[in-house]
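Q: Please take a close look at the part of this model that surrounds the ligand, and describe it in one connected account.

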Amino acid sequence: MKWNLIYLDKVTSTNDVAKTLPCQSVIVAREQTKGRGRCSRVWVSEPDNLFFSIVLKNYGMKAPLLSFVLGVSVVESLKGVDAKLKWPNDVLIDGKKVSGILLENEGDKIIAGIGVNTKYIPKGDFLYPVECLNGLFSNELLLNSILNNLEHNLDVFEKEGFESIRQKWLSYAVGIGQYISVKMPIGSVEGIFENMTQEGAIQLKLDNLSCKYITAGDVFLLNEGKL
Ligand code: BTN
C-alpha cells in the first residue's frame, strides 16, 4: 500500500495535523476536540468513531472531483451494507448520514478528511438525521478497505478521467430523477435532480423547465414533492 499511516490519540482535527505532512500521509486519531465539517459546521466526534485525513496531491481544476472519488471509495468499503451517496459525498444508510468527507486546499496539497460513525451516533442537532454502523466494521479494517479502494479509484481517475467514477457515483446516488431541494450558501432551490455533470455539478430541472447547475449546497430529498 502506498499510504504512510500515523496514529495519534487526541488532536484538534486530523485535517489540521495532515496539513503539516507530505503527500500519501494518513493521519488517524481516536479523538478530535475540534472536528469540522463542510460549510464551517462542527463534526461531532464521539471518541472511537473513525476519524482520518489523507494528504493528496492537488489536482488543480479537477480537485473538486476528488469529492466523488472519495465518496465512492467509502461506499465500496461498506460491504454488505446498503450504503448510498447523497451529493456530493455524504454516505447514508437508511436515509441517515453515517459518514462525511471534507476536502481542504493546502497549497500544492489537498487534505481529504473522512469521518465515519462506526460505533456511536453523534449527539446534537443536525441538518440531516445521523446514524452509526453499530460496530459492524472495526475501524482498522474499514480504514484499510477505504484506502485500498481509494488507491484503485485514484488510479482510474488519473489514467481514464472522471467518467467511470461518475458512473459509479450515479449508481450509488440517492435522489436522481427525484424532486429535491438544494440549500445553497444563499437561498435554496427546488427541482428534479436530472443528473450529475462531468464537472460534478447537480443538474436540476426547475418547475419552469429551465435547467440550473449547482456546485455547492446541501441536498434534501422531498418525498412529498411533486414528481
Ligand atoms: C461533512 O460531512 O460535513 C464532512 C465531515 C468531515 C469530518 C472528518 S472527521 C476527520 C476529518 N477531520 C475533521 O475535522 N473533519 C474531517
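Which polar backbone atom is 2.7 Å from an oxygen atom of the ligand, that is, to which residue does it belong?

A: The model is a predicted one, in which local features need pLDDT of at least 70 and side-chain atom pairs count only at pLDDT 80 or more, while totals for chains, interfaces and linings use all residues. Residues are numbered from 1 along each chain as its sequence is written, and side-chain values use heavy atoms, with hydrogens and water left out.

The polar backbone atom that is 2.7 Å from an oxygen atom of the ligand belongs to Arg38. A backbone N or O atom of Arg36 likewise lies 2.7 Å from the ligand, here from a nitrogen atom, and Lys97 brings a polar side-chain atom to 2.6 Å from a ligand oxygen. Of the 420 Å² of accessible area that the ligand has on its own, the protein covers 99% (areas by the Shrake-Rupley method with a 1.4 Å probe).

The shell around the ligand consists of 19 residues, the closest being Ser13, Gln32, Arg36, Arg38 and Lys97, where a residue is counted if one of its heavy atoms lies within 4 Å of the molecule. At least two residues of this shell come from each of α1 (14-18), β3 (50-57), β6 and β7 (109-116), and β6 gives the most, with four residues; helices (H or I, at least four residues) and strands (E, at least two) are DSSP runs, numbered from the N terminus.

Strand β6 covers residues 96-106 and includes Glu104. Glu104 counts as buried because its relative accessibility is 15%, buried meaning under 20% relative accessible area, exposed over 50% and partly exposed in between, with a 1.4 Å probe and protein chains only. Its side chain makes a polar contact of 2.8 Å with the side chain of Arg36, and another of 3.4 Å with the side chain of Lys19; a polar contact is a pair of N or O atoms within 3.5 Å, of which, within protein, one must be able to donate a hydrogen and the other to accept it, and residues adjacent in sequence count only if both atoms are side-chain atoms. Leaving aside neighbours within four places in sequence, Glu104 is in contact (heavy atoms within 4.5 Å) with Asn15, Lys19, Arg36, Lys109, Ile110 and Ile111.
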